[in-house]
Amino acid sequence: MATVLKEPSRTFNEYLLIPGYSDMEARPENVSLRTPVVKFKKGEESELYMNIPLTSAVMQAVSDDNMAVALAKEGGISFIFGSQSVESQAAMVKRAKSYKAGFVPSDSNLKPDATLKDVLDLKAEKGHSTIAITEDGTADGKLLGIVTSKDYRVSRMDTSTPVTDFMTPFDKMVWGSEGITLSEANDLIWDNKVNQLPIIDKKQRLTSFVFRKDYDSHKENPNELLDENKRYIVGAGINTRDYEERVPALLEAGADILVIDSSEGYSEWQAVTIKWIRDHYGDKVKVGAGNVVDADGFRFLADCGADFVKIGIGGGSICITREQKGIGRGQASAVIDVAKARDEYFKETGVYIPICSDGGIVYDYHMTLALAMGADFIMLGRYFARFDESPSAKLMVNGNYVKEYWGEGSARARNWQRYDLGGDAKLKFEEGVDSYVPYAGSLHDNVQMSLGKVKSTMCNCGALNIPDFQKNAKLTLVSAVSIVEGGAHDVILKEVGPSTGQR
């Protein structure tokens, strides 16, 4: 007869934190969210920490090089998606690692035969008002001019107007030469009273932009996550099929940390992949593994040599694994069980293996619950897919701006490697959906708000860092009736705003 667990499979919605004693030092500005990413021995430090406990999911609709830079600026790590060619993924990693703070590669570019309509369409898609006009329409083509919102008036111009009629041509532009320092670039911006400065090489090819607004933005990111060479920390996803080709390419491109992207990690496939990495690189290369939902799965991957273990099966908003296969576990139950196994492993071996909660986050406070239950950090897909920095398209649907968001197990992504159980190299049936998420603006603003809530709640519990929070937090199960009581009830709401934290 099958083993039947007595405890129900529970979600974050079924728990609340009990306040603890907080002294006068328990203020949000005193809270540290620094957290280890890779395993370490008792009495030692982890070789890699994040300044915030957030990572972005290994998904086509979430994590590319733009997301990697944006999240590293906040202090977290993005794992660039692996369901693409080795060359394409390595190029994304290289671009993110080559990014110099303040020097922004142009992602809004048009050819000189474009029209005002093309400008407006690109602005609506990208959300940026500065568009480079290059000879071939690429980000590194020969720069012929730029278009900003000051160069045209929609109400007074026909949308078929050629861009060459209203762009600022190269001979009337202020520009900087490749090799210029950020300080020198900012001096040119201020001295010439411009909002952007294109940087070009000796052949007049565009290399990047420096924006006036980024001067203040750089000062606003004290938590940015950098390596020893002052480059952003970048992660990348791998699979259990082509790792012998993909891993060397990603490392050559500069990836700081890898993670095996799989729907289910308690398998020989992951053991073989980790062994190959250890045989060829030793402990120098850091690789996380998963996903698992119980102590047995954690112990297996810990013994295999994983640097961190990812938790969660079927809890993502676009994941239908539980519906399709009847397998998985409520995310709260999974995190609690694996956290207990992590602590027991630490007592037994003296090795602490961080755990990552992946999935099940619906509201901001769920992040706080995941940390209280033992997660060292959290992986988020839908949360980050809503922002300007995600790679998916921004659209207008039924009068509202949305962004496209699709699962790796959907027919659109066709990431069969993530669900690979051997046999034919194809997606046998869907385990994800194609959807939209409400557009939410910039990553910076939203992350600051979400983590502000986390810090405030930790203060309510008398904790100023994550380890103390995990040690001293008290959690209670809630009834269906008390869940209703916890929200607005018995009133007529005037409006529902973003401050509710609803995702």
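In helix α2, the residues Val86, Glu87, Gln89, Ala90, Val93, Lys94 and Lys97 meet Glu245, Arg246, Ala249, Leu250 and Ala253 of helix α6, where contact means heavy atoms within 4.5 Å. By class, this contact of α2 with α6 has six nonpolar, one polar and five charged residues (Ala, Val, Leu, Ile, Met, Phe, Trp, Tyr, Cys and Pro count as nonpolar, Asp, Glu, Lys and Arg as charged, and the others, Gly among them, as polar).

The model is predicted, so local features need pLDDT of at least 70 and side-chain atom pairs count only at pLDDT 80 or more, while totals for chains, interfaces and linings use all residues. Residues are numbered from 1 along each chain as its sequence is written, and side-chain values use heavy atoms, with hydrogens and water left out.

The axes of α2 and α6 come within 8 Å and cross at roughly 20°, and the two helices are therefore roughly parallel to each other (angles under 35 degrees count as roughly parallel).

Elsewhere, three strands form an open, antiparallel sheet in the order β21-β22-β23, where two strands pair if DSSP finds at least two bridges between them. Because β21 and β23 each have a single partner strand, they stand at the edges, and one side of each is left without a neighbour in the sheet. Five bridges join β22 to β23, and Tyr405 has Ser435 in β23 as its bridge partner.

| Element | Residues |
|---|---|
| helix α2 | 86-98 |
| helix α6 | 243-253 |
| strand β21 | 394-397 |
| strand β22 | 400-406 |
| strand β23 | 434-438 |

Terms used:
Helices (H or I, at least four residues) and strands (E, at least two) are DSSP runs, numbered from the N terminus. Axes are lines fitted to C-alpha atoms, for helices over the stretch in contact, and angles run from 0 to 180 degrees between N-to-C directions. Angles under 35 degrees count as roughly parallel, over 145 as roughly antiparallel, 65 to 115 as roughly perpendicular and the rest as oblique.
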